[in-house]
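Please look over the sequence and the structure shown here before reading on. The report that follows takes a few parts of the model in turn.

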Amino acid sequence: MTIGIMLRAWLGQIMSLCLATLREIFDESAYARFLTRRKANSSPKAYAAFLREQSETRSGHHRCC
Amino acid sequence: MSRFSQIAVWTALAIVGAFSTATIALHRGEQINALWLVVAASCVFALGYRFYGKFVAARVLALDARRATPAERLENGRDFVPTNKWVVFGHHFAAIAGPGPLIGPVLAAQFGYLPGTLWILAGAVFGGCIQDFVILAFSLRRDGKSMTEMAKDEIGPLGGVVAYAAVISIIIILLGATALIVVNALKSSPWGAFTIAMTMPIALLMGIYLRRIRPGKVLETSVLGFVLVMLSIWGGQWISHSAKLAQIFTLTAPTLAILIILYGFAASALPVWLLLAPRDYLSTFVKLGTIALLALGIVAIHPVLHMPSWTRFTDGTGPVIAGRVFPFAFFTIACGAISGFHSLIASGTTPKLIARENQARMVGYGAMLAEAMVAIMATIAACVLQPGIYFAINSPAGVVGQAPETAAAAISQWGFPVTAPQMHALAQAVGEQTLYNRTGGAPAFAVGMAHIFASSLGGPTVLAIWYHFAIMFEALFILSILDAGTRVGRFMLQEALGHLWKPLGHTSAYPSVLATSALIVGAWGYFLWQAVRDPLGGINSLWPLFGIANQLLAVVAFCVATTILIKKHQTRYIPITLGPLVWLVAVNFTAAYDKIFDPNPRIGFLAQARQLAASGAEARLVFNFRLDAVMTALLVLMVTLILFESTREWVSVLTGRKQAAVKEAPFVMTRFALEEQG
């Protein structure tokens with residue numbers, strides 16, 4: 001394997017990790033899990049249900065100063 | 001890497017770290033490059049993580065990678081989800097990093113760059129990181145229980161009640177203090193006020209877009225929101241140049257305070273999806289990007305620090321925060337070194353996401369180190385300013401006077417030369433009418449950050465854009481904390497009131513929502529209002545109150561941690577938690593005593609109340625300072641109760657009068673270890 005290929009693979013891994021982190025921080029992963037749990041497709045109605053569920057758990061989510 | 005190479009690398013790092021720290025500590029008279037601080041912090045933090053953090057993980061906490069975590073055992077795809085360690089790290093960092101590590105170091109820079117820097121280095125490695133790490137690890141072993149629940153289980157019911165009351169008090173003071181920072185940053189600033197006003201319709205638009213047009217596409221929506229915010233910064237410049245429109249957006253501090261109080265109430269009572277969630281996403285997006293940009297900017301231009309290592313204000317006569325370097329520097333910088341609030345996050349969402357127990361060090365200890373690095377960057381941003389400019393921005397009118405010439409003369413007399421034309425030119429360059437008396441830390445940080453950004457990108461012509469970008473970043477950050485904090489406070493209050501009368505505990509019942517929202521907003525709004533009317537700029541009273549409250553919560557966290565260690569028969573390791581606990585008690589109890597009883601009216605609340613009463617000031621102003629004194633005393637009393645209860649528990653266990661029973665979840669072998677074995 002050449003250094004170029006290794007570097008590309010490594011950068012690809014880092015990018016996908018960054019994206020996964022952003023998706024977790026921004027609740028996109030939580031929404032995907034919600035859809036899997038409910039066996040539903042993404043729709044305004046499903047997202048509204050997800051937000052309702054989130055608003056219950058958000059009560060305990062502290063954001064630091 | 002071979003063992004020899006490892007030893008060589010860590011030895012080299014230790015030598016570089018020691019040399020850099022010695023350089024910043026012993027340098028006198030000449031200016032120093034900011035890179036010395038960055039290198040010292042990087043080495044100290046790397047060594048702390050590798051050696052101290054690892055020692056605590058292996059010996060004290062005995063983290064076991066074979067033990068299933070709550071995320072695995074209780075996996076439900078909702079709260080409990082085993083997650084990649086880097087993803088949890090990012091998630092945890094995004095939750096703990098707020099405006100605190102940016103504002104505290106800026107205010108503490110009045111003592112010089114050295115006290116704050118040394119405190120951030122030592123405080124983070126031995127205090128803040130340990131607190132976050134041990135609380136996270138103990139919560140992991142208790143099904144992700146919260147800090148208040150652990151206090152109740154391990155110390156006793158009184159511990160739980162006091163921890164609960166302390167959290168609500170801290171939220172109220174925190175929200176009042178941070179709201180004041182926004183007020184001071186936006187007063188008489190049409191550009192800033194317009195930009196922040198525009199973030200409201202942008203957040204509403206994002207909420208509707210997310211809900212109706214592209215459900216769940218948060219990243220895409222945040223990028224869209226960010227572009228709109230950037231456009232509003234650009235538009236703000238145009239507004240500030242229009243005589244008619246600039247007048248509309250030129251707001252006084254009381255007007256801004258009223259608007260923020262109304263906003264806080266609306267954000268708490270409106271549905272989450274409409275305002276709170278999109279604003280939270282937007283501020284997180286801007287926060288992560290700006291912190292990364294600031295780090296790159298500092299490394300790229302490695303500016304020179306103009307602030308001396310120590311200033312004359314270590315004697316307690318400082319204009320920004322009145323009080324001696326000990327204890328005042330040590331609680332002024334709370335979040336960058338040790339923040340009790342982190343214990344709530346380390347025992348909140350994070351333990352429910354960690355897949356393997358041994359990852360707790362990276363998340364708990366590591367994320368706090370990253371936050372401490374942000375605090376170092378804030379110190380740099382404040383200290384790159386000429387000291388005269390720093391003091392002109394941060395000194396209240398009550399100390400240096402209202403007129404530019406008077407203020408410049410007073411500051412120059414302290415040995416920090418600055419002139420009125422110099423300040424006028426700077427204000428013009430950043431697009432403001434004036435930069436005098438802009439207390440609170442945010443404007444000084446914004447000027448420093450704009451200076452760093454403009455030096456690497458765009459030059460002096462875009463200084464005004466960068467300044468308002470920095471102000472927008474801080475205000476957005478703080479307003480999202482007001483949203484979330486008010487809501488969390490409201491839920492906690494509803495939960496507590498629900499014990500008295502059940503209907504009040506219904507979190508979605510509208511009368512209860514409105515009543516409890518009004519109570520929480522009224523409480524922090526009162527502190528905000530009194531600070532706005534304080535002739536000394538408010539931050540001199542409110543920030544110490546916040547710092548003390550925050551670190552007293554850390555005392556509670558260390559009480560819980562020490563109790564658990566004693567019950568686990570790890571008594572020989574208790575200096576690891578007892579050391580920071582004793583230090584925090586010494587700092588914060590001294591600070592609380594000074595803030596209540598010091599005869600200097602600029603320091604002591606009661607002395608200030610007496611002085612105001614003698615000068616015939618409004619009775620309400622006098623009452624406000626007495627209220628601050630009572631609030632400080634109440635916080636100390638609550639924490640003293642926890643200390644007393646904890647000590648009683650420790651003595652009972654150590655003398656064998658009580659059986660040492662910890663409430664850990666039983667050991668379950670993780671499936672990940674089995675999978676690894678094949």
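## Two helices of chain B

In this predicted model, one contact between helices is formed where B:Ala179, B:Val182, B:Val183 and B:Leu186 of α8(B) meet B:Ala253, B:Leu256, B:Ala257 and B:Ile260 of α12(B). Sorted by class, the residues of this contact are eight nonpolar ones, with no polar and no charged residues.

The geometry of the pair can be described as well: the axis of α8(B) and that of α12(B), a helix covering residues 253–269 of chain B, come within 9 Å of one another and cross at roughly 135 degrees. Because of that angle, α8(B) counts as oblique to α12(B), and the crossing in which α8(B) passes α12(B) is right-handed.

## Chain A

Chain A holds three helices and zero strands, so that, read from the N terminus on, its elements follow the order α-α-α. Of the 65 residues in chain A, 26% are buried.

## Where the two chains touch

Between the chains, 43 residues of chain B are in contact with 31 residues of chain A. Taken by class, the side of chain B that touches chain A has 22 nonpolar, 17 polar and four charged residues.

## One residue of chain A at the contact

A:Ile25 belongs to helix α1 of chain A, which covers residues 3–25. Is A:Ile25 buried or exposed? A:Ile25 counts as buried because it has 23 C-beta neighbours inside 10 Å, where 20 or more are needed.

Leaving aside residues up to four places away in sequence, A:Ile25 touches B:Gly90, B:His91, B:Ala94 and B:Thr284. Along the chain, A:Ile25 and A:Trp10 are 15 residues apart, and their C-alpha atoms are separated by 23 Å.

## Confidence of the prediction

For chain B the mean pLDDT is 91, and 99% of the residues of chain B reach 70 or more. For the complex, the predictor gives an ipTM of 0.86 together with a pTM of 0.92.

Technical notes. Residues numbered from 1 in each chain as written. Chains lettered and ligands numbered in written order. Predicted model: local features only at pLDDT ≥ 70, side-chain atom pairs only at ≥ 80, totals over all residues. Helix = DSSP H or I, 4+ residues; strand = E, 2+ residues; numbered from the N terminus. Buried ≥ 20, exposed ≤ 12 C-beta atoms within 10 Å, placed from the backbone. pLDDT = per-residue confidence, 0-100. Contact = placed C-beta atoms within 7 Å. Nonpolar A, V, L, I, M, F, W, Y, C, P; charged D, E, K, R; others polar. Axes fitted to C-alpha atoms, helices over the stretch in contact; angles between N-to-C directions. Parallel < 35°, antiparallel > 145°, perpendicular 65-115°, else oblique. Left-handed = near helix turned anticlockwise from the far one by under 90°.
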